[in-house]
Amino acid sequence: AMTDGTPETQAIGDALCVACAFFYSFYDIQTFKWGRIIPRTQLVTTKIATQAFLSVALCIGLAYDDTLSYFQNNPDFLTQSSLVPVVLWSGLIVNALATFLQVGGMQAVGPTRAQTIFASQPLWSSALAYAFLGETIGFQGAMGGTAFLFALYLAITAPKEGAAESTA
């Protein structure tokens, strides 16, 4: 569904989506590259430690007052709030397990196919929103989904990376 907004805010949103796609693609390529050099456990551990450090730095740098206020107003947050389970879920499942599986999967299929699969998140989000939330999918959304499925078909049927080099 299209959200209301000015053309300027929509242009900013589009530009941010393009920037995210660029950085995510760069991340996938680097993960594939370093996954061949560094053992998977070490790579995942380094990624998680870096994310944890940057998350704490972000809380201190941008939301220090809010973070401090939360802990002061919730002294029993370890036993009475949902913060600990959320942090554990986010840390162990979303970051650790998913990254561990992602690195192994990328080594198996290569960065091009992996990025195509990872890029399907908006398609799945739209389908789930349609099924469970009653969202509508307009003409532009249907065309975008169709274009993505065609790109996925091209990626699946493309020769595997390195196959051309081994036949030469």
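The second largest pocket of this predicted model is lined by 15 residues. Nearest its centre lie Ala 52, Ser 55, Val 56, Val 87 and Ser 90. The volume of the second largest pocket is about 490 Å³. Two helices, helix 2 (40-73) and helix 4 (83-109), each supply at least two residues of the lining. Helix 2 gives the largest share of that lining, with 9 residues.

The C-alpha atom of Thr 46 is separated by 13 Å from that of Gly 91, and the two residues are 45 residues apart along the chain. For Thr 45 and Ile 156, which are 111 residues apart in sequence, the C-alpha to C-alpha distance is 30 Å.

Tyr 70 is another residue of helix 2. What does Tyr 70 touch, not counting residues up to four places away in sequence? The residues in contact with Tyr 70 are Phe 77, Ser 81 and Leu 83. Tyr 70 still has a relative accessible area of 32%, so Tyr 70 counts as partly exposed. The C-alpha atoms of Tyr 70 and Ala 142 are separated by 43 Å, and these two residues are 72 residues apart along the chain.

Helix 6 covers residues 121-133 and contains Ser 125. With 40% relative accessibility, Ser 125 is partly exposed. Ser 125 and Val 84 are 41 residues apart in sequence, and their C-alpha atoms are 26 Å apart in space.

The database record can be set against these elements. In an unreviewed entry, UniProt places the feature "domain: EamA" at residues 13-156. In the model, the chain over residues 13-156 is 90% helix and 0% strand. The end C-alpha atoms of residues 13-156 are 30 Å apart. The unreviewed UniProt entry also places the feature "transmembrane region" at residues 12-32, 44-64, 84-104 and 139-156. Two of these spans can be described from the coordinates. Residues 12-32 are 100% helix and 0% strand, with end C-alpha atoms 30 Å apart. Residues 84-104 are likewise 100% helix and 0% strand, and the end C-alpha atoms of that span lie 28 Å apart.

The cysteines come next. How many disulfides does the model contain? The count comes to 0 disulfides. Cys 17 is in no disulfide, and the nearest cysteine sulfur, that of Cys 20, is 6.4 Å away. A pair of cysteine sulfur atoms must lie within 2.5 Å to be counted as a disulfide. Cys 17 is exposed, with a relative accessible area of 54%. Cys 59 is partly exposed, at a relative accessible area of 37%.

A last point is the confidence of the prediction. The protein averages a pLDDT of 80, and 92% of the residues score at least 70.

Methods: Residues numbered from 1 in each chain as written. Predicted model: local features only at pLDDT ≥ 70, side-chain atom pairs only at ≥ 80, totals over all residues. Heavy atoms only, no water. UniProt positions renumbered as here; feature names shortened; annotations may be inferred. Helix = DSSP H or I, 4+ residues; strand = E, 2+ residues; numbered from the N terminus. Buried < 20%, exposed > 50% of the residue type's maximum accessible area, 1.4 Å probe, protein only. pLDDT = per-residue confidence, 0-100. 1 Å grid on protein atoms, 1.4 Å probe; cavity = no way out; pocket = protein on both sides within 12 Å on 5 of 7 lines; lining within 4 Å. Points joined across faces, edges and corners; volume = space filled by probe spheres on them. Contact = heavy atoms within 4.5 Å.
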